[in-house]
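Two topics are treated in turn: a single residue with its surroundings, and the interface between two chains.

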Amino acid sequence: MIEPISERRYNNLQVLAIVCFAVLIGKLWFLQVLSTPTFEEAAVGNRTREIFTEAPRGRILDAQGRVLAGRRESLTVELDWTALSALEAEERTDIFLSIASELNASGVKTRSVDIQKVYDRARGGSVQTVSVADDVPRQVWVALQERPYVGFSLTRQWLRTYPYGNIGAHILGYVGTVRDAEQAQTLNGINDAKRYFPGDELGLAGVEKLFDQTLRGTPEHRLVEIAADNRVLSTVEVVQEAVPGDDIVLSIDINLQYAAELTLVQELAQSRLRTACEDCPAHQGRAGSIVAVDVTDGSVVAMASFPSYDPADFLGGLSQSQADYLFKNEDRPFLNRGLSGRYPAGSTFKPFTAYASVNLDAREPDEIWLDEGKYKLAECEEDERCTFRNAGSIELGEVDMRDALSKSSDTYFYSLGEMFWTERDEFGETAIQDAAALFGFGQQTGVDLPNEDQGVLPTPARRIDLYESDPDKFPRRTWFTGDNVNLSIGQGDLLVTPLQLANSYAMISTNGVRYQPQVLSQILDGETSEVIRTSQPKIAAQESLNSQAMRAIMDGLNGATSLGTAAEAFAEFPAWVYPVAGKTGTAQVAGKADYSLFAGFGPASKPKYSVATILEEAGFGSDAAAPATRRMFEYLSGLVEVPAAPLATEALPLSVDVEVLAILDELARLAEEEAAEAEANGEPPPVSVPLPEPPVAPVPEPEPAAEVEATQEP
Amino acid sequence: MIHSSLTEQAAKLHGPAPMGTQVGKPSLFARMDKLLLLGAVLLVCFGLVAILSATGGLNSGQNFFSRQVVFAVAGGFAALVVASLPYQMLRNLVTPIVVGTGLALVLVLSPLGTTQRGTRGWLDIGPVRVQPAEFAKLALVIGLAHILAGSSSRRIRGKATPDEPEPARITAALGLIGMLAVLVLAGRETGSVFVYCFVGLGVFAMAGVPKRFVILLIISGITVFTLAFTSGLLEDEQKERITSFLDADADPRGIGYNQRQSLTAIGSGGLTGQGLFEGPQTQYGYLPEQQTDFIFATIGEELGFVGAVGLLALHGLVLWRILVVAQATEDRFGALLCVGIFTMLLFQIVQNAGMTVRLLPITGIPLPFISYGGSALVTSLVAIGLVQSVAAHR
């Protein structure tokens, strides 16, 4: 008989089992009965997430309602940072590689390192998905549906479109994306309802930037229930419906804008064909701007700036060649020269010196001045450096103020400039500057576009301030007579923007009313297209101007286009139908060909539009800027039909500035060859351009380096 | 007298056949422990329903449920066969069983073996993938029972420690545990080592092995485990699974995630649960390994406290009946067999359930009868068959 196992041992075993089960049941009781609410909450929080979906961005329309910046839907691959961050780094890399190969197989070039970058930027506890690739073909959609990857999903996303390509690019600006959570955080101070998330569209220039909050829609905000693999199971709550952004209607007419840009490019090209004087820098004709404003309300009707860029380039990320073109190009395609370009005003500034003269009773408009082609300062009669000459040393003989304006007598204004300074006890130190400031120089016009420059209105006090702030950079402390003389004809330290110039001439035309220029015309509700806001004309200044001075200036400006410096350019223009008053300008910039300027308004009888044209390194104002402005008035007056702006999809050399420049270079080369050939045949050069003497250096030392730099690289 | 009380109990259990009226041998069913049978059948059914729910129902396209049904039928059949044979036969088969198991464990380490989740524990035999470490649990029970029961002719009377096994047997038993543990550890399957140790402890204690050997077993178990932990044999992730238990919230998306999700599932189940097929943690895939290691959490979420305790009650029923059969057995081999199976099941139940409610660290030990997995289910069912054989053939 085998000894049975003692019952005591069985009891021990039983006790052990009972204790174990009791502990288990006790813990279950604690979890399931005592702390259920905590865990229920955890379970719900576990599987609900906030999802924000970007709403369609508002459109930008031109004055006629044409879409300048629109939107379209794209199939987009998105990654979900939260989901991917739960994985091991190696797992993530594997998934990135798979996604990249999936995309590459369907023709969407993507590198896994780029996906990694997108992932890294999305870091920061964001609950938002970030787009990895836009415009993926349907086959990717199908592939990813069949074989889903953790943390990746496909959605429809709204993307910006610019139907007119680069036409009006500087006004429209462009959109980029919110870089990372940090940037989103900064932006979110603005408006809580329109929260930004990494990857969202963000206006980075022009109207897109300044009106970003208007254009931006209110993102949809949902609380959703998700599975462990981040599949969205259901919507728990729609906290906020998506509201599309509001539309913006501009005062710009895209056809007119196109006409301005076309005119600009063509005149620049033309300018290259004209030979400059011997030993003068050649006409480069590489950049410029035309600005047209409505003098009756300040609305901007066209603002061309060359070279330009295509805002669509930024949508899918810049390619290397695009980035090189945009960022390394010394012509700075990004710069909206219309309001950020700083230029010497040259003779277009003379009306303001004239205004100071009459207003301060320095010289009667009718007083005759003998223009001998050169002018010597009284205080240093013997010094050749004190001699200032007319452009081309032309002797104009007896001129009054009207003639001095229309024929652009420099010596007339030199003498005024000298007088104002030598007799500053009577006229004050800033006689010319005060008049200029009255017409808006040295201050921002307040246009509703970003990055406006205020130009430079030099004064003796400013010079002292600059010297004291940095004597090495600004070595000159004293204001000399020569500075005043230079200023009288818009040279020296004076710098203006094309928009300032157009606006100052608009003020001449309105006899004292200066508006704040505006590109915004209306804001339309994004859903109903109802007008939410119509921008009202904003008067920046309303002055009762000296009527005697204004009469003389008007006569002088009218004379310029009929019998003065711009008579040739306006020869064919029907002044009896649409008289244009204006002033040419030829600004000298050290080491470069002259800048060609024209500012004017029309119809002079009942002014409507004011136009300022500045063509860099394009020669005389009468040769390039005056004809360009005449063409603008042909379009503005309706005498010539405005061409329809082509859509970006149509072949258009203007859409690729690089190509245009190449064409221009080729044309210039051909012209040179032709000239050389003609010379070989013993004929005179075909282009007869007056060969003026090189401008005489002004009395004061050369401009400080910084200012020169500013002039050259506005 | 202990003896007579046991006979009475056995008489009660064994149904209508009255003592002394030997009208031939009663049928196998009549001789089996009905409550044990009932408990096992209910547990298997419970497990099948839980697996069905954890894998998304009948139309999920997943075949865990149907495969488990096949395993259950196969296991049930094997259990019946085992139950119908006299368990004493095993004493003659111990050597082939232990050697075969050892070979299988070696084979797992050969290129024929397969690795899943960092553990090398599977052998592919035709279409079936078996986990020898599971069967090894049973082999260990049989081996230990055989060694420690002593020879059947042995008679020891009137001694202070009448049933103390000879030192040679204890050494052999320790050697058997050690061999299996080393082989399984080589495949990085820590969970089974714990089971072997615990089974060893249980059988040692019941067989009257002196305390110093029991303590030796505990110490060497701890030593082997510590060595394994520090020598780099274990993957970091396996270590983390154990250490993360200490601070599950430290890395909620990492290893601790599993246990946190399990707790959330069980806790949100409440008293009566979210309803079968209705537990969001389970149905939306938040629960890791929900048809295998963490199936207890699924049950806790969907059936609540009532369901979880009900399941434990069924387990309790089975354990109780095993002990009853053991106590009613005069044969030491049969009794130790039952005790080994009892400790094997008890440890796995407590460890698995304890891990899901964060009483114990995470190990890959399945919940007997419930977790998905053919080897484990068949092992458990055959174990019950063995107990029934003890009940039927004493």
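Predicted model: local features only at pLDDT ≥ 70, side-chain atom pairs only at ≥ 80, totals over all residues.

- B:Ser371 belongs to the loop that runs between α14 (332-356) and α15 (374-392) of chain B.
- B:Ser371 has a relative accessible area of 3% and is therefore classed as buried, the cut-off being under 20%.
- Leaving aside residues up to four places away in sequence, B:Ser371 touches B:Gln291, B:Thr292, B:Asp293 and B:Ile295, together with B:Ile51, B:Gln68, B:Asn352 and B:Pro366.

**Extent of the interface**

- The size of an interface is often expressed as the accessible area that is lost when the parts come together.
- Between them, chain A and chain B bury about 4200 Å², of which 70% is on carbon and sulfur atoms.
- Contact involves 35 residues of chain A and 58 residues of chain B.

**Polar and charged pairs across the interface**

- Zero salt bridges are found by the rule across the interface of chain A and chain B.
- Six residue pairs, both residues at pLDDT 80 or more, are found in polar contact across this interface.

**The side of chain A that touches chain B**

- Two or more residues each are given to this side by α1 (7-34), α2 (36-47) and β8 (220-226) of chain A.
- The largest share, 18 residues, is supplied by α1(A).
- By class, this side of chain A comprises 24 nonpolar, seven charged and four polar residues.

Conventions
Residues numbered from 1 in each chain as written. Chains lettered and ligands numbered in written order. Heavy atoms only, no water. Contact = heavy atoms within 4.5 Å. Buried area = accessible area lost by both parts, 1.4 Å probe. Salt bridge = Lys/Arg side-chain N within 4 Å of Asp/Glu carboxyl O. Polar contact = N/O pair within 3.5 Å; in protein donor to acceptor, adjacent residues only side chain to side chain. Helix = DSSP H or I, 4+ residues; strand = E, 2+ residues; numbered from the N terminus. Nonpolar A, V, L, I, M, F, W, Y, C, P; charged D, E, K, R; others polar. Buried < 20%, exposed > 50% of the residue type's maximum accessible area, 1.4 Å probe, protein only.
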